Amino acid sequence: MPDNGHCLDDILGRYSPEPSSLISVLEDLQEELHYLPREALERISTTLGVPRNQTYHVATFFKAFSLTPQGRHTVCVCRGTACHVKGVDKIMDMLQSQLNVTEGGTSEDGEFTVQSVRCLGCCALAPALMIDRDVYGQVTSKQLRDILDQYSDENRND
Amino acid sequence: MKTGTIETPRQLAAVRSSARKALLNGHPRIFVGTATCGLATGAQKVLDALHEEAGKASSMRISISETGCNGACFLEPLVDVVLPGQARITYGHVQPEDASGLIEAACAGTVYKKRIIGRIDKEEFLVEGTSKSYRRGKLTGDVKEVPRYAALPFFRDQVHLAMRNCGIIDPTSLDEYIAKGGYAAAAKALTEMTPDQVVDEITRSGLRGRGGGGFPTGRKWATCRKAPGEPKYVICNADEGDPGAYMDRSVIEGDPHSVIEGMIIGSYAVGAHTGYIYVRQEYPLAVKRLRFALKQAEEAGFLGENILGSGHSFTVRINRGAGAFVCGESTALMASLEGRVGEPRAKYIHTVEHGLWNKPSCLNNVETWNNVPVVIARGADWYASIGTQGSKGTKVFSLVGKANRVGLVEVPMGITLRQVVEDIGGGVPEGESLKAVQTGGPSGGCIPAELFDTPVDYESLTALGSMMGSGGMIVMDSRTCMVDVARYFLSFLKEESCGKCVPCREGTSRMLQILTRICEGKGRPGDVELLHDLAQGMTDGSLCALGGSAANPVLSTLKYFAEEYRAHIEERKCPAKVCRALITYSINPEVCTGCMLCLRACPVKAITGERKKPHIIDKLACTKCGLCADTCRSNAIEVA
């Protein structure tokens, strides 16, 4: 897509064209597009002088990167120790059944991608989850619907 | 007021003196705790409401700022009000509806009658060892009745060194940091001490790494200083990966300049001119606060060329982690800084000699860097007077899990686990019994309640088969299954093992397999012995410390909770009623009111029944998620 190309130029311009910039470039691109398209990875490899297999290694090693398109919103359920002890499994079950997705998957309407993360560092407010950049603490299965609705509503108003 | 460039210690002193006047005098000030934990409980709405109400009450000038978290996360959202000439008063669980009352009371110089937590009587200048009372003249009756912090069980035994400014100052205000004595330690180190004197001071203070290993900081600095090779690097490890620990996030969000100041001092001591902060991308607010603080420090001249006229130059870059636990390991972190995958290497070659880009590199954790200015400003002897023989100073713990009062607590080393969990944390909810506390994250272990009189220091925790780690302290009660906890940690470690060495990659997989089958009631005789064997292999053969300590959660639970393993394997029972395969849910028909709430809540439609008649759970369809029990208002759902 021409848009993606422009955005990649912009990101590549922020860093010096050397192998050590690889992770920073991938992070910015992931943030912008919510995934790393194959063509972009190829161009990044050429520009930074990193062999393609190494770029692929990095892009698949770190959890922050995704090679497939993600939903409009990312729901990160915290699986830290405090959240585990406080029963976050239930929240995850409920979330998966409400959105009809499995962990790592995206809901059919393309709204939400469900992931787990260890950990959000909100341990005193366990169980916690983060949608995009908003953190929710002491989440109960009852509140879950309301929390998700805020994001769907936001879209309808767009 | 905007701080211009500060070129000499004398200019710094002038800025400090005027900033301090602004801090202590004048109009009422309101602080809202907007660290991530505050925001997660609605602090932004409270802040907005306060701004709106303050706009209406234009008769008096009130300043409203954001602040970090003072550790009392269980009371979030927190609001502090400084009443001039009186005291600083903390309110907890504040809602937007409280805004008008808070503003009204602040204007009138009185106490808002609701949601009172406690009061602080003086502004502490910890790095100077001085304080100044807010009070001028008599305390009004209202204020006098507010309990002092020192009388509150949560704060009574705490000593805030690392958290000295958290929840007190506005983290986006360089002036406030300077007013509290900030950058004075850097000025002292860079202009009055030689690098060797700085290293010596840190060594004599007994400061040890707060990230996990507990390596003596002074010794690390001394080796890096002597190591041949240029340039040298200092690195701040803010990749706080231990699940259950979040003090680094809180310190960065609440007091970012303290970390930068520590790094400036360290760079001078080891002879480095470039620094890196490697911070988790899961902490967006911490990244934002750091970026802002770095810009301020650059503009003020604390970073750049010829810092404070000393001739020393130093710059700092931020790198974000990309979500890999193993990158908290120093060699993996450095690989990641170089743009490669975060795989550790063998450490017979030390990173202080051959680290980032094969150059001498001095890596410390956030809390360690943050302690450095205190050590330099107050002196090694003062610092070493706190704590125990082998563990000096204080440590911040994230006291979380089933405790009644959860949050970040900073205590002197040597305090007992019981004091932390029971006195500060208030024990576990009524009706449950305290079972264990997990310390040290995935490299640590579970310590049973019988051993709670153990002092908290590096050696004592290691002797129990756990470790200090980065300071997670997860409280567990009778409803926590210890086999499930061991399985949880192994699932974490299996997922996070980088895969480079076989003992860790295969060991964590096999251990998880065995623990999973035990939790599913398919444990076999000999499984416990097999776990011991695997643990030995991983401990001996793994490449890095993370693999070498990966068996600790299993070994410690096997040691202290053998009975629970036996119940799972031999009786196919989970005493804590956690392991889903070993429990059943049913509805007590005597108690069920037939309200249909559980029927609607069940995600797999395993509950049937009619209104006002007892419902029934289809045990074959039930996935044992427990949502029905959460929904039931009459406690009719029974777990066996």
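Me: What makes B:Leu333 count as buried or exposed?

Reply: B:Leu333 has 28 other C-beta atoms within 10 Å. The rule is that a residue is buried if 20 or more other C-beta atoms lie within 10 Å of its own, exposed if 12 or fewer, and partly exposed in between, with C-beta atoms placed from the backbone. So B:Leu333 is buried. One caution on the source: this is a predicted model, where local features need pLDDT of at least 70, side-chain atom pairs count only at pLDDT 80 or more, and totals for chains, interfaces and linings use all residues. As for names, residues are numbered from 1 along each chain as its sequence is written, while chains are lettered from A and ligands numbered from 1 in the order in which they are written.

Me: Where does B:Leu333 lie, and which residues is B:Leu333 in contact with?

Reply: B:Leu333 is part of helix H14 of chain B. Helices here are DSSP runs of H or I with at least four residues, strands are runs of E with at least two, and both are numbered from the N terminus. Two residues are in contact if their C-beta atoms, placed from the backbone, lie within 7 Å. Leaving aside neighbours within four places in sequence, B:Leu333 touches B:Asn237, B:Asp239, B:Tyr278, B:Cys327, B:Gly328 and B:Gly342. B:Leu363 is 30 residues from B:Leu333 in sequence and 9.7 Å from it in space, C-alpha to C-alpha.

Me: Why is B:Leu308 called buried, and what does B:Trp357 count as?

Reply: Just count. B:Leu308 has 24 C-beta neighbours inside 10 Å, so it counts as buried. B:Trp357 has 13 C-beta neighbours inside 10 Å, so B:Trp357 counts as partly exposed.

Me: What is the phi of each of these residues?

Reply: Phi of B:Leu308 is near 50°, a positive value in a residue other than glycine. Phi of B:Trp357 is also near 50° and positive. Most residues other than glycine have a negative phi, and most peptide bonds are trans. B:Leu308 sits in the loop between helix H13 (284–300) and strand E10 (315–320) of chain B. B:Trp357 is in the loop between helix H14 (330–337) and strand E11 (361–365) of chain B.

Me: Which peptide bond ending at A:Pro127 is cis, and which one ending at B:Pro77?

Reply: In chain A, the bond from A:Ala126 to A:Pro127 is cis, with omega near -5°. In chain B, a cis bond joins B:Glu76 and B:Pro77, with omega about -5°. A:Pro127 lies in the loop between strand E2 (112–117) and strand E3 (129–131) of chain A. B:Pro77 is in the loop between strand E2 (63–67) and strand E3 (79–83) of chain B.

Me: How do you know that the buried residues of H24(B) are on the same side?

Reply: In helix H24 (residues 562–570) of chain B, the buried ones are B:Glu564, B:Tyr565, B:His568 and B:Ile569. They cover an arc of only 125° around the axis, so they are on the same side of H24(B). That arc is taken from the directions from the helix axis to the C-beta atoms. The face turned away from the buried side carries the exposed residues B:Ala562, B:Glu563 and B:Glu570. The buried residues pack against helix H19 (482–496), helix H20 (502–519), helix H21 (527–541) and helix H23 (552–560) of chain B. Just after H24(B), B:Arg572 takes a positive phi of about 55°.

Me: How do you know that chain B agrees with a compact globule?

Reply: The globule rule is 2.2 Å times the number of residues to the power 0.38, with the radius of gyration taken over C-alpha atoms. For 640 residues that gives a radius near 26 Å, and chain B has 26 Å, so the two agree. The C-alpha trace spans about 75 × 65 × 40 Å along its principal axes. Of the 640 residues of chain B, 57% count as buried.

Me: And what span should H2(A) have?

Reply: The expected span of a helix is 1.5 Å times one less than its number of residues. The 12 residues of H2(A) should span 16 Å, and the end C-alpha atoms are 16 Å apart, so that agrees.
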